[in-house]
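Please view the sequence and the structure together while reading.

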Amino acid sequence: MARIAIPESEQANPYGYAARTHAVPIMAAGAAFSEAVYRTSRLSLREFEGARMRTAQINGCMVCRDFRAERDVPQLYSVAGDPGQKLVTANGPGPDEAFYAAVTEWRTAPLFSDRERLAIEFAERFGTDPQGLAADEDFWARMHGAFADGEIVDLAHCTAAWVGLGRVAHVLGFDTVCLAGLSTGKEAA
């Protein structure tokens, strides 16, 4: 249920309605931030999706949990006829459903590489214990052993976008329906 008034004619796209009618410059900036994440991240698609899915689980965003970058990013961010376009989906093979199902068990599931585990751990701690994450020297030694500084900054900003925008969608009740144009298996609420 949306936490702001959404006209009956806009029930299938509450986020789009809010973007056109409320806090327009702020919502446009959020959309640009999200687009930058899905267009320019240098993380492998599996690292990206592991961190994104763990964030979605923590946030409780239903649309985010059903989202699959390999399937959905091209629908959202492709520009027809632009051969130079960049999408995160070009960063290696996408995960299968077993990968997504195992994200909550990232510590013990055998499906993840060391870098994927670190990306998922980073996202989990960023979303639940940012102060502990910032102060954990052992964690940062492991991160620096696996990721370059630019990749760490990339992961931090991707996670910030997912935490912030996913929580907005969940808290305002915009996550009960599909994003416009996507087929994520959700029906309009």
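## Helix α2 and its surroundings

Helix α2, formed by residues 24–40, contains 17 residues. In this predicted model, the distance from its first C-alpha to its last is 24 Å, close to the 24 Å expected at 1.5 Å a residue.

The buried residues of α2 are Met 27, Gly 30, Ser 34, Val 37, Tyr 38 and Arg 39. An α-helix has 3.6 residues a turn, so residues three or four places apart point the same way. The elements that cover the buried residues of α2 include α1 (14–21), α3, α5 (69–77) and α10.

## Packing of α3 against α10

Helix α3 spans residues 45–59 and helix α10 spans residues 149–171. Their axes come within 9 Å and cross at roughly 30 degrees. Because angles under 35 degrees count as roughly parallel, α3 is described as roughly parallel to α10. The crossing of these two helices, α3 and α10, is right-handed.

On the α3 side, the contact is made by Phe 48, Ala 51, Arg 52, Thr 55, Ile 58 and Asn 59. Helix α10 contributes Leu 155, Cys 158, Thr 159, Trp 162, Val 163, Gly 166, Arg 167 and His 170. Seven of the residues in the contact of α3 with α10 are nonpolar, five are polar and two are charged.

## Packing of α7 against α10

Helix α7, residues 114–128, also packs with α10. The angle between α7 and α10 is about 45 degrees, and their axes are 10 Å apart. This angle makes α7 oblique to α10. Helix α7 passes α10 in a right-handed crossing.

From α7, the residues in contact are Arg 115, Ala 119, Phe 122, Ala 123, Phe 126 and Gly 127. Their partners in α10 are Glu 151, Leu 155, Ala 156, Thr 159, Ala 160, Val 163 and Arg 167. By class, the contact of α7 with α10 comprises eight nonpolar, two polar and three charged residues.

## Thr 159 in helix α10

Thr 159 lies in helix α10. It takes part in the contact of α10 with α3 and in the contact of α10 with α7. Is Thr 159 buried or exposed? Thr 159 has 0% relative accessibility and therefore counts as buried, since the term applies under 20%.

Leaving aside residues up to four places away in sequence, Thr 159 touches Thr 55, Phe 122, Ala 123 and Phe 126. Of these, Thr 55 is one of the α3 residues in contact with α10, while Phe 122, Ala 123 and Phe 126 are among the α7 residues in contact with α10.

Technical notes
Residues numbered from 1 in each chain as written. Predicted model: local features only at pLDDT ≥ 70, side-chain atom pairs only at ≥ 80, totals over all residues. Heavy atoms only, no water. Axes fitted to C-alpha atoms, helices over the stretch in contact; angles between N-to-C directions. Helix = DSSP H or I, 4+ residues; strand = E, 2+ residues; numbered from the N terminus. Parallel < 35°, antiparallel > 145°, perpendicular 65-115°, else oblique. Left-handed = near helix turned anticlockwise from the far one by under 90°. Contact = heavy atoms within 4.5 Å. Nonpolar A, V, L, I, M, F, W, Y, C, P; charged D, E, K, R; others polar. Expected span 1.5 Å × (residues − 1). Buried < 20%, exposed > 50% of the residue type's maximum accessible area, 1.4 Å probe, protein only.
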